[in-house]
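Keep the model open while you read.

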Amino acid sequence: MNPWSAINGSLHSAGKWLGDLLTGHQGRRLVIALPYLWLLVFFILPFVIVLKISLAEVLLARPPYSPLWQFLEDSTVQIQLHLENYRRLWEDPLYTIAYLKSLRIAGISALLCLLLGYPMAYAIARSRDSLRNLLLMLIILPFWTSFLIRVYAWIGILKSNGLLNNLLLYLRVIDHPLNLLHTDFAVYLGIVYSYLPFMVLPLYATLSRMDLTLLEAAADLGCRPWKAFLKVTLPLSLPGIMAGCMLVFIPAVGEFVIPDLLGGPDSLMIGKVLWTEFFSNRDWPAASAVAVVMLLLLVVPLTLFQRAQQKSEGETPR
Amino acid sequence: MTQPKSVKAPQEPWRDPAAKPFVHIEKVTKIFDTTYAVDGVTLDIYQGEFFCLLGGSGCGKSTLLRMLAGLEQPTSGRILIDDADMTRIPPYARPVNMMFQSYALFPHMTVEQNVAFGLKQQKLGKDEIRDRVADLLELVRMKSYARRKPEQLSGGQRQRVALIRSLARQPKLLLLDEPLAALDKKLREHTQFELVNIQERVGTTFIMVTHDQEEAMTVSTRIAVMEEGRIEQVGTPTSVYEYPASRHVAEFIGAVNSIEGRVVDQEGERLLIRSESLGCDLVMTHNQPLPEGTPVTVAVRPEKLLASEQAPAAGYNTVRGIITDFAYLGDVSIYLVRLPTGQQMRVQLTNLARLTETPLTWDQEVYLFWMPDSGVVFAS
Amino acid sequence: MNRRRPFLLFTLLAFGYAFLYIPIISLIVYSFNSSRLVTVWGGFSTRWYGELLHNNQILSAAWLSLRIATMNATFSIVLGTLAATTLVRFGRFRGRTLFSTMVSAPLVMPDVILGLASLLLFVTMEHLIGWPAERGFTTITLAHITFSAAYVTVVVQSRLSQFDTSLEEAAMDLGARPWKVFLLITLPIIAPSLLAGWLLAFTLSLDDLVIASFVSGPGATTLPMVVYSSVRLGVSPQINALATLIVTIVSLCIVLAGWLTRRKEMQRRHAPAIDPT
């Protein structure tokens, strides 16, 4: 028998066996199990470890923290939980200020993204079909180019002898350069700039799915356009607003690159604190504690996001 | 159930006790969560039939069809096709093919590739596949569309492709799931006749699901009327229409006047019924004994009623009423007649003569009369 | 709709786009500035591109990032498709809520938390079973897959939920076994969203700084890491050149994709006229 046909035949039956396995009842379990296990190992387990290490003490060792439990001589197990890290978070105002600042900056940024992004999404959703794809593509294109480099671009624009200042000086709007870089203002600008597509896209998705005949019905029943917007469009776009706000707020809380490159010493955000604890101080337990508290703060927004996701899971776009 | 005594027709295998059914469905039940979609259905279908499962939404007809195709598994019961137990056999291993309601044409394949798909799975030679596909396309006059994609076809064209795709493997049994639902009325009528022609030509047993009783009457050799997962009646279009087994079947197929009454007397096959809602006595033929006092429902179809402006001679099966409404449909006219008791009767009269004005009009008094054997009696 | 409002709306839209694109344009313009300084225009020059192409550090970092991104994207679409299939086709099963949460959480989780957690996992694993001994390509890829798969899941899930399952039933009815149905019917039809998912995962990986910084080791420096260390010190024109190259490549790809789609549309429209039935 021709060896190629033998190989071909055995590959064929192997594929058949695998395929039947994957699509039979046992196969169903396999399909669920693979991603499930991956996520448990690479997503959930790490968080457990973070929690464990936040309760450790920093050591000059490899790894640079104390073990959680130790087996001692007389068949006893000693478990040591160091709450030092959490105590420091609580007592040192640096951390509290950083947490609150992060929440505030993320919150205001989300709001600014909403104020700029909603009209954009609305305009795109209501535009002509031929124009719409172009507009969407123009929103997505910056997203495909490097985030880091685009943040870097703002350095060149905002610094004292940068583009913006030079332009304003040239137009004689100001006398001497404004201090724009390394301020809170630059951080807000950077976050809104980077996260804007994340607000526009879910909003666009919701608005484009909206049934326009609802607005026609409202007009027919005597509702002026502004009121129709407030009473019909806005409430219906609430899931999109929620998804967009959470897509901006939650990652912005822990943002590192933007405050690091564009922010100043007093725009300390918690992401930067974590980074510093880890890389500069080499204090892994402290960094872990910072992470745990950050997660706790984000539980409520995360749940809101989950709800919005599940709600959109049930929708079928028309 | 009253059945006419008729000459045994040689083309009706269901009348022959020695004939073997081609499809034997035995006490098949399907439960979804806690709902009985199909409840203990037993049915025999013979080779070469064009069999219809007829019923409203949710009656279980589609579920039963899908179990025949293998796309659903019965919770209990057996399905035998050509003497082989197919209950647990997966769809790709059955000699059965299905034509889907949405046509389910593969959008990324051409018409040719769609039709050839089933043949490729059978591992036929390339030349043989090519020839078969060409023949099938010829059958429905779609040869010039071979290279098109489904999105480039009209609804009627897609339907034809779906039909030949399902016939390509020459299945022993073809299942059709509301195949004409998406077509407009004229096209639907035309396609109904085409389907019957193709079925007679190819000789395959067809089982079709529909909610349109006119459609079922047009194409079928026999109809099974289903309701709530159960079969109410199986029979030829004539027997189901003229001799409905239950009030539900009578009311589902065609329009009917339902009259409540009570048995007063029975003489052989003639029942004397008194009706309060009609305000008169009825004499109906019924070949089963019913005790005096039994409450009954009499079903008389609108076209079986005779109307005249003068009172007829008989003292029974006659009512007098006022025409409250009528509809002129071209070939027939439908009249709604209100009786003094408040009951409304529906009458259908053929427009035999071409008249510029209809002879009967609103608020006109009219007498309605019907023959004793032109209705069915159900014990309530 | 009254005349005035669209005007206001479209002005805002234009402003939004200007806001998005002015930084990018400034990068491109100054990549051709022969002077280092932003204030002075020293004339048109491509010297920074020359320097960039000889900068071994950047080139080897770019190569590493591309390899990681490719590996990551390929594994992510497999994992993401499995997860999406589970969520769309398998209805309710025990642990579904947990699964659904785990799948969508990485979409919003701050990078620093993901990076720290992944690193601690790798360190613990090394401590317990001796692997991974070295952090670099493998650990970065593994960490990237975890969050990329979440994005792919969203994309594929959205496509799968619109998928007409009667097509699969028809294929089975015509004699195709389930695995063949998947290969011949399901896969070709969802292929565009798989491609979109691949590209998304590729971009996210190529762009990631924080997570890579945490889980990387000596000798494994990714492109973002190199860019970051350059820009911390201020403006660097080579980075501008790099940025321009990236923008150009991406734009060309998008234009190409758009052109291909438009050509397909044209072919469809110019199909021979449909005869009346």
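Which chains do not touch, and how far apart are their nearest C-alpha atoms? Chain A and chain B do not touch, and their nearest C-alpha atoms are 11 Å apart. Here "contact" is for two residues whose C-beta atoms, placed from the backbone, lie within 7 Å.

A quick note on what you're looking at: this is a predicted model, where local features need pLDDT of at least 70, side-chain atom pairs count only at pLDDT 80 or more, and totals for chains, interfaces and linings use all residues. Residues are numbered from 1 along each chain as its sequence is written, while chains are lettered from A and ligands numbered from 1 in the order in which they are written.

**Where the chains meet**

Two pairs of chains are in contact, and chains A and C share the most contacts. On that surface, 78 residues of chain A meet 66 residues of chain C. Helix α2 of chain A (residues 25-54) brings the largest share of chain A's side, 17 residues. Helices (H or I, at least four residues) and strands (E, at least two) are DSSP runs, numbered from the N terminus.

Chain B also meets chain C, with 23 residues from chain B and 16 residues from chain C. On chain B's side, β6 (96-99), α2 (111-121) and α4 (155-167) each supply at least two residues. Of the elements there, α2(B) gives the most, with three residues.

Here's how those sides split by class, along with one from inside chain A. Ala, Val, Leu, Ile, Met, Phe, Trp, Tyr, Cys and Pro count as nonpolar, Asp, Glu, Lys and Arg as charged, and the others, Gly among them, as polar.

| Chain B, touching chain C | 11 residues | 10 residues | two residues |

**Inside chain A**

Chain A is assigned domain 1 (3-79) and domain 2 (86-313); the bounds come from an automatic or database domain assignment. The C-alpha centres of these two domains of chain A lie 35 Å apart. Nine residues of domain 1 of chain A are in contact with nine residues of domain 2 of chain A.

Chain C has 11 helices and zero strands. Its radius of gyration, taken over C-alpha atoms, is 24 Å, well over the 19 Å that the globule rule gives for 277 residues, so chain C is more spread out than a compact globule. That rule is 2.2 Å times the number of residues to the power 0.38. The C-alpha trace of chain C spans about 70 × 65 × 40 Å along its principal axes.

Buried residues make up 43% of the 277 in chain C, where buried means that 20 or more other C-beta atoms, placed from the backbone, lie within 10 Å of the residue's own. Among the contacts in chain C with a separation of 6 or more, 76% come from residues 24 or more positions apart.

**A sheet in chain B**

Chain B holds an open sheet of five strands in the order β13-β12-β11-β14-β20, with antiparallel pairing. Strands pair if DSSP finds at least two bridges between them. At the edges stand β13 (280-285) and β20 (375-379) of chain B, each with a single partner strand, so one side of each has no neighbour in the sheet.

Strand β11 (residues 257-267) of chain B pairs with strand β14 (residues 295-300) of chain B in the antiparallel sense over six bridges. To find your place in the model, look for Gly261(B), which stands opposite Val296(B) in β14(B).

Note on methods:
Buried ≥ 20, exposed ≤ 12 C-beta atoms within 10 Å, placed from the backbone.
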